[in-house]
Amino acid sequence: MDKLKILLLILPFFLGCIGVERIEKPRLRRISAEPYVRVLLGDKGGIISSEKKIYIHKGAKVYRLSSGSIELREGNIYRDKQVIFNTEPSLKVCFEDKKFRFNGLSYRGEVIFNKSMVINRVPLELYLYSVVGCEFNCGEIETMKAGACAARTYAIYHLKPDKEFDLFSTHMDQVYKGLNSETKNTRAACDYTRGLVCMYKGTVINAMYSSVCGGKTASAKDVFGDDKPYLKSRSCNYCEISPHYSWNQKYSRQNFQELVRDRIKSKKGKDPGRIKDVKIKKRDKSGRVKEIMVKAEKGEFSFYGEEIRSLFDLKSRYFDIKTRGDWVYIEGRGWGHGVGMCAWGAIGMAKKGKRYKDILRYYYKGINIKKLY
Ligand SMILES: [Zn+2]
């Protein structure tokens with residue numbers, strides 16, 4: 001009986017804790033139907049065209065235009081060189097066939113004009129048809145299903161209801177090039193996994209991924225300073241099949257020194273003089289270079305984290321510098337930041353008969369895969 005009394009006493013405490021967590025993360029818990037995503041296609045205006053009727057929503061009114069094109073320039077909408085609307089504060093444009101063209105590409109959904117920004121508002125699953133085509137189109141259906149779940153999870157994690165748009169259409173977030181990147185297989189992978197997302201302790205995760213890890217993924221803490229229990233470093237030899245698994249760059253000693261001198265000039269705004277030595281000072285736990293120090297005639301210069309990649313135009317920070325005679329070799333592995341799912345590793349796993357859920361659980365440790373809608 002005493003044990004039961006204790007249980008009854010502490011039970012409300014645990015239930016209270018669950019309640020607190022719900023209050024802290026309301027945004028991601030509310031999603032129970034397919035959300036829309038707002039993707040930035042461009043921020044310098046441009047021409048939108050449609051083969052069907054165009055509907056402009058301004059305030060409570062809807063204006064119908066015949067098929068053709070409209071141009072967004074400096075906050076105004078032009079039709080046949082005449083200003084027909086301004087975009088203050090913002091303006092929604094819909095299309096009879098729910099498709100439009102912008103900058104030579106076709107997209108689904110509708111457009112929001114906000115100042116000079118062209119934003120595509122589109123149901124998440126239709127957005128994913130294209131993202132899976134741009135990021136995971138490899139012919140392995142299990143990889144594409146894993147890719148669809150990761151991309152869906154990433155998009156939901158990055159919804160920003162209080163901002164003008166949610167996602168960039170480039171590598172800043174996920175590459176999205178509209179209808180032409182869709183295939184029968186990308187659509188099948190998304191439809192099969194519709195609504196499925198990766199969760200950690202009941203919360204949608206930041207499902208990062210990169211192209212090739214080169215043998216070991218990087219932890220989010222080491223790359224972005226943001227410690228996530230499901231984004232720790234994992235060994236991965238599944239990506240050995242990638243042409244970017246290992247690579248090397250060769251320079252004459254003189255060219256190498258000139259390159260480093262030029263880069264320091266442009267990055268630090270100071271001519272370092274003759275380069276004496278380039279040294280790898282620190283590596284993270286996965287083996288990626290964390291700090292490089294350059295000894296030069298006019299001082300010492302340090303470079304940290306991802307800026308190291310742009311110092312020598314490297315595919316990754318997973319590398320070594322070797323000097324043999326008059327030559328300098330940068331021998332490296334992988335392509336990308338290396339955090340989260342390794343896309344080429346996911347191909348390797350599928351080729352070995354692994355299913356999409358195995359792939360996701362391998363790269364995102366400790367997650368559950370749940371259906372949100
Ligand atoms: Zn890998």
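Residues are numbered from 1 along each chain, in the order in which its sequence is written. Because the model is predicted, local features need pLDDT of at least 70 and side-chain atom pairs count only at pLDDT 80 or more, whereas totals for chains, interfaces and linings use all residues.

The protein chain contains ten helices and 24 strands; these are DSSP runs numbered from the N terminus, with helices (H or I) of at least four residues and strands (E) of at least two. Its C-alpha trace extends about 85 × 70 × 40 Å along the principal axes. Of its 373 residues, 38% count as buried. A residue is buried if 20 or more other C-beta atoms lie within 10 Å of its own, exposed if 12 or fewer do, and partly exposed in between, the C-beta atoms being placed from the backbone. Among contacts with a separation of 6 or more, 64% join residues 24 or more positions apart; a contact requires C-beta atoms, placed from the backbone, within 7 Å.

The domain assignment divides the chain into domain 1 (36-181), domain 2 (195-242 + 337-371) and domain 3 (246-333), with bounds that come from an automatic or database assignment. Between the C-alpha centres of domain 1 and domain 2 there are 28 Å. Their contact draws 16 residues from domain 1 and 21 residues from domain 2. On the domain 1 side, helix H4 gives the most, with twelve residues. By class, that side holds eight nonpolar, three polar and five charged residues. Here Ala, Val, Leu, Ile, Met, Phe, Trp, Tyr, Cys and Pro count as nonpolar, Asp, Glu, Lys and Arg as charged, and the others, Gly among them, as polar.

The axes of H4 and H9 (residues 343-351) come within 8 Å and cross at roughly 135°. Such axes are lines fitted to C-alpha atoms, for helices over the stretch in contact, and the angles run from 0 to 180 degrees between N-to-C directions. H4 and H9 are therefore oblique to each other, since angles under 35 degrees count as roughly parallel, over 145 as roughly antiparallel, 65 to 115 as roughly perpendicular and the rest as oblique. In this contact, Glu142, Thr143, Ala146 and Gly147 of H4 meet Ala346, Ile347 and Ala350 of H9. These residues comprise four nonpolar, two polar and one charged.

H4 packs against helix H3 (residues 124-135) as well, at an angle of about 125° and with the axes 9 Å apart. This pair is therefore oblique. From H3, Leu124, Tyr127, Leu128, Val131, Val132 and Glu135 meet Met144, Gly147, Ala148, Ala151, Arg152 and Ala155 of H4. Nine of the residues in this contact are nonpolar, one is polar and two are charged.

Some backbone details remain. Most residues other than glycine have a negative phi, and most peptide bonds are trans. Glu88 and Pro89 are joined by a cis peptide bond, with omega about -10°; Pro89 lies in the loop between strands E7 (82-86) and E8 (91-95). Glu74, although not a glycine, has a positive phi of about 45°. Glu74 is found in the loop between strands E5 (68-73) and E6 (76-79), and counts as exposed because it has 12 C-beta neighbours inside 10 Å. Lys201, likewise not a glycine, has a positive phi of about 50°.

Note on methods. Two residues are in contact if their C-beta atoms, placed from the backbone, lie within 7 Å.
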